[in-house]
Amino acid sequence: MYVQMEHINKTFDGFQASNDVTFGVEKGHLAALLGPSGSGKTTILRMIAGLDKPDSGDIMIDGMRVNDLPGSRRGIGFVFQNYALFRYMTVADNIAFGLEVQKKGKKEIRTRVEELLELISMQDLGKRYPHQLSGGQRQRVAFARALAPNPQLLLLDEPFAAIDAKVRRELRTWLKEMIGRVGITSIFVTHDQEEAMEVADTIIITNQGRIEQIGTPEAICHHPATDFVSEFVDVERYEAFAALASSHGS
Amino acid sequence: MAQKRQRTYQQDIVGDGILAVQKVREPHTEASGKGIRCGLIGICALFLFVMLVLPLAVVVINALRDGWAAYQEAVMDEYTVRALQLTLFTAVTAVAVNTVFGVFAAFLLSKFYFRGRQILAALIDIPFSISPVIAGLVFILTFGNVGWMGDFLKAHGIRIVFAVPGVVLATVFVTFPFVFRELFPVLNAQGKDEEEAAALMGAGWFTIFRKITFPHMKWALLYGVILCAARALGEFGAVSVISGHLRGKTNTLPLHVEILYNEFNTTAAFAVSSILVILAVLILIARTIVEWKKA
Ligand SMILES: Nc1ncnc2c1ncn2[C@@H]1O[C@H](COP(=O)(O)OP(=O)(O)O)[C@@H](O)[C@H]1O
Ligand SMILES: [Mg+2]
């Protein structure tokens with residue numbers, strides 16, 4: 001397991017946001033944290049990134065316990081729910097920020113920024129500011145910015161929530177393909193099961209701070225482990241989707 | 001009908017081909033609306049004229065009543081010059097102290113969560129809710145001869161009450177919340193995602209402040225500084241209590257105006273007032289420019 005959470009507990013002012021959370025994500029896999037709003041998904045992601053500290057339990061990344069390591073030294077790229085692009089910096093400066101902080105050479109930074117702009121097909125938009133971009137473009141910039149310092153683990157919080165329903169599906173395919181191409185271990189948060197089914201290799205279902213089930217999309221649909229999962233997951237929708245996917249595949 | 005519809009809705013191709021339909025506000029064309037608007041503008045203008053423009057004009061006219069020479073004499077008077085110097089010194093000090101304090105407090109209270117942050121934010125507002133006269137008295141009771149730090153200060157030969165430090169202290173107190181109050185809502189609304197994103201990439205707090213927080217707050221900061229300066233230049237109540245009105249020593253311009261006026265030296269009082277009016281107009285201009293830039 002590249003990421004392993006062991007018996008994590010976290011409370012906010014007495015409210016239990018994470019309750020004995022245990023799960024692992026394999027290297028190179030794309031996992032989805034799926035659950036209703038308020039079920040503690042963001043909290044888990046923030047603890048992996050070091051933005052919040054668990055009250056108890058161990059966070060392991062690449063075999064090392066990272067609880068006491070600051071987030072910036074965990075080799076993580078983070079895509080925030082509303083992207084959190086630096087609004088007074090251009091797209092290129094946003095992407096370059098992490099490299100500049102690491103005091104990389106000017107030339108190296110420029111090459112890397114160009115490479116990433118090309119990856120997200122925004123070569124000509126490097127001089128724009130975030131407010132001059134569409135929602136989809138912003139998401140792509142956030143993605144590129146997170147990838148710039150070559151992290152080993154990518155965390156994305158509701159990456160499609162702020163995007164028009166129409167473009168969402170397109171972007172979903174794009175992101176899955178990108179992550180596959182870069183080959184980076186990734187965890188993304190969503191409350192939309194269709195999204196999780198379509199994008200993830202592994203789905204981790206959360207409910208009221210607890211993990212209800214971990215498994216492939218198929219396993220979760222056909223063998224729900226708890227009442228909550230069988231109620232939360234809409235099997236018909238999954239099957240319609242699976243049929244669609246296989247007809248596209250053939 | 002169809003034509004009207006086309007005019008009130010504007011279709012716009014945004015970014016990568018999303019069709020956005022925006023409703024354009026219909027112009028207000030009713031005659032009655034126009035009448036009400038003119039009436040309100042009229043009342044407003046009349047009120048401003050009676051309350052603001054007229055008194056200011058009176059200041060200038062009275063200041064020049066006995067001619068230019070008398071005006072010059074009053075303004076160049078030794079005590080007036082000293083009062084102006086003290087006022088400027090006090091204002092610059094108060095602005096400097098409160099800017100540094102306000103920036104740190106706003107940064108701290110908007111970007112970090114800790115126990116008691118609401119209490120701290122409320123404490124900063126105290127000078128807004130306390131009468132300046134009482135603020136002055138509190139300082140006398142704290143630092144004066146009979147105050148509870150009196151013996152200590154006397155033993156070390158430090159004079160605060162009836163001395164320049166007291167004047168500065170009182171002004172700092174009264175103008176304390178201005179910069180903070182301007183900055184805090186702006187920084188709070190920004191959230192802390194951008195800061196967290198930068199921190200995750202390994203940026204230190206100073207880099208984060210310089211590259212992310214500061215660009216966001218610079219106009220609000222300048223605006224707060226201007227408000228703070230305006231208040232510091234004009235402060236009367238607190239300073240009046242703590243200064244002891246020592247001419248040429250602890251007299252600020254507003255106090256000096258009062259002294260001259262009480263001595264029936266009306267022309268001089270108005271002449272000195274006109275200095276404050278000029279400073280106020282300069283600040284007003286600066287404020288308008290900043291407001292325009294901020295928008
Ligand atoms: N900083 C915080 N302070 C207090 N409560 C919080 C904080 N962060 C999250 N919570 C609470 O923890 C619960 C889980 O939140 P979150 O992890 O954001 O859920 P999700 O991302 O699944 O919607 C929510 O009830 C939320 O109110
Ligand atoms: Mg969330």
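The contact between chain A and chain B takes 23 residues from chain A and 19 residues from chain B, where contact means heavy atoms within 4.5 Å. This is a predicted model, in which local features need pLDDT of at least 70 and side-chain atom pairs count only at pLDDT 80 or more, while totals for chains, interfaces and linings use all residues. Residues are numbered from 1 along each chain as its sequence is written, chains are lettered from A and ligands numbered from 1 in the order in which they are written, and side-chain values use heavy atoms, with hydrogens and water left out.

**Chain A against chain B**

About 2,000 Å² is buried between chain A and chain B, and carbon and sulfur atoms give 65% of that area. Buried area is the accessible area (1.4 Å probe) that two parts lose on being put together, summed over both. A:R87, A:Y88 and A:F97 supply 26% of the area that chain A buries against chain B, more than any other three residues.

The interface of chain A and chain B has three salt bridges; a salt bridge is a side-chain nitrogen of Lys or Arg within 4 Å of a carboxyl oxygen of Asp or Glu. In one salt bridge, the side chain of A:R87 meets that of B:E194 at 2.8 Å, N to O. Helix 1 (41-49), helix 2 (91-101) and helix 4 (135-147) of chain A each give two or more residues to the side that touches chain B. Helices here are DSSP runs (H or I, at least four residues), numbered from the N terminus. Helix 2 of chain A gives the largest share of this side, four residues. By class, the side of chain A that touches chain B has 12 nonpolar, five polar and six charged residues. In this scheme Ala, Val, Leu, Ile, Met, Phe, Trp, Tyr, Cys and Pro count as nonpolar, Asp, Glu, Lys and Arg as charged, and the others, Gly among them, as polar.

**The two domains of chain A**

Chain A is assigned domain 1 (1-75 + 152-221) and domain 2 (84-150), with bounds from an automatic or database domain assignment. Their contact takes 13 residues from domain 1 of chain A and 10 residues from domain 2 of chain A. The area buried between these domains is about 930 Å², of which carbon and sulfur atoms give 75%. On the side of domain 1, A:L154, A:L171 and A:W174 lose the most area to domain 2, together 43% of what that side buries.

**Ligand 1**

| Residue and its atom | Distance to an oxygen atom of ligand 1 |
|---|---|
| A:G38, polar backbone atom | 2.7 Å |
| A:G40, backbone N or O atom | 3.1 Å |
| A:T42, side-chain N or O atom | 2.6 Å |

Notes:
Polar contact = N/O pair within 3.5 Å; in protein donor to acceptor, adjacent residues only side chain to side chain.
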